[in-house]
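Welcome! Let's take a walk through this structure together, looking at how its side chains meet.

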Amino acid sequence: MTEKKKRCTAIVLAAGSGSRMHSSMPKQFMSLGGRPLICHALQAVEESPIIDDCILVVAERDEDYVRIHILEKYGFRKVVSLVSGGDERYLSVGKALRVLEMGKMPVPNRDGYVFIHDGARPFLTQRILQDTYEAVEKYHACVAAIPSKDTVKIADEEGFAVKTPDRKNVWSIQTPQVFDVELIVDAYRMLEANQERLKKEGIMVTDDAGVVELFTSRKVKLVKGSYENFKITTWEDMKVAEAFLKE
């Protein structure tokens with residue numbers, strides 16, 4: 001880490017409903033290793049010498065619960081802003097970025113870096129944070145990712161394989177996704193202005209790197225993450241996560 005480290009803000013996304021797990025409790029509050037799932041990602045942020053503060057995005061209905069039973073109970077002091085999420089991931093990120101853009105933080109961060117991380121990825125490590133920090137310093141935009149272990153097929157609309165990309169060029173994208181604050185704020189501003197056009201053209205934006213790729217000329221660097229840094233979406237994932245914790 002350089003002596004002139006820029007300010008680093010984490011945005012942790014935890015506004016999901018848990019619908020894919022068919023549970024009345026949002027998955028981010030389910031117990032993993034005796035603590036709510038979201039606590040694991042927040043603990044990595046809390047312990048990081050790189051991350052200075054954190055914006056936590058949750059469903060509006062959960063704000064009081066999170067403030068009392070997560071932040072106060074477990075002492076997550078770096079979370080300085082609690083933001084209500086949107087209906088889609090990109091809307092949640094956009095609302096958190098507006099907090100940065102408008103300087104609504106105890107210490108404003110307009111020219112540093114922002115680390116956008118899925119709260120349902122509990123195995124965020126200090127090594128991943130360090131590696132992505134070093135990459136964003138050099139390339140201004142990077143994402144944690146892992147080389148695909150599987151052969152990937154591109155299918156047509158009828159479900160027939162039409163292309164097999166070279167596996168050495170196929171990566172599975174993870175989080176954190178890390179950017180210059182100004183770069184990602186500008187890209188999301190463009191996304192907001194072009195939402196209707198994108199819908200008409202059938203263009204889907206599924207991650208933050210995709211927003212940067214669409215609306216800027218900046219290339220996004222892939223940084224080796226970890227196969228354990230997976231996103232929990234099903235009950236089977238929870239079982240795998242519990243096994244990792246026992247190790």
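Which side chain meets that of Asp62 in a salt bridge? The partner is Arg61, with N and O 3.9 Å apart in this predicted model.

In helix H6 (residues 195-201), Arg197 and Glu201 are four residues apart, so about one helical turn lies between them. Their salt bridge brings the closest N and O atoms to 3.2 Å. Elsewhere, salt bridges link Arg89, Asp118, Arg121 and Asp208 into a network.

Now for the aromatic rings. The whole structure holds six aromatic pairs. In one of them, the ring planes of Phe123 and Phe244 stand at 80°, over the 60 degrees needed, so this pair is edge-to-face, with centres 5.6 Å apart. The pair links distant parts of the chain, 121 residues apart: Phe123 lies in the loop between strand S6 (113-118) and helix H4 (126-139), and Phe244 in helix H8 (residues 235-246). Phe123 is buried, at 13%, while Phe244 is partly exposed, at 24%. Together with Phe230, these two form one aromatic cluster.

A charge meets a ring as well: the charged end of Lys149 sits over the ring of Tyr227, 4.2 Å from its centre.

Conventions. Residues numbered from 1 in each chain as written. Predicted model: local features only at pLDDT ≥ 70, side-chain atom pairs only at ≥ 80, totals over all residues. Heavy atoms only, no water. Phe/Tyr/Trp six-rings, centres within 6.5 Å; stacked < 30°, edge-to-face > 60°. Helix = DSSP H or I, 4+ residues; strand = E, 2+ residues; numbered from the N terminus. Buried < 20%, exposed > 50% of the residue type's maximum accessible area, 1.4 Å probe, protein only. Lys NZ or Arg CZ within 6 Å of the ring centre and 35° of its normal. Salt bridge = Lys/Arg side-chain N within 4 Å of Asp/Glu carboxyl O.
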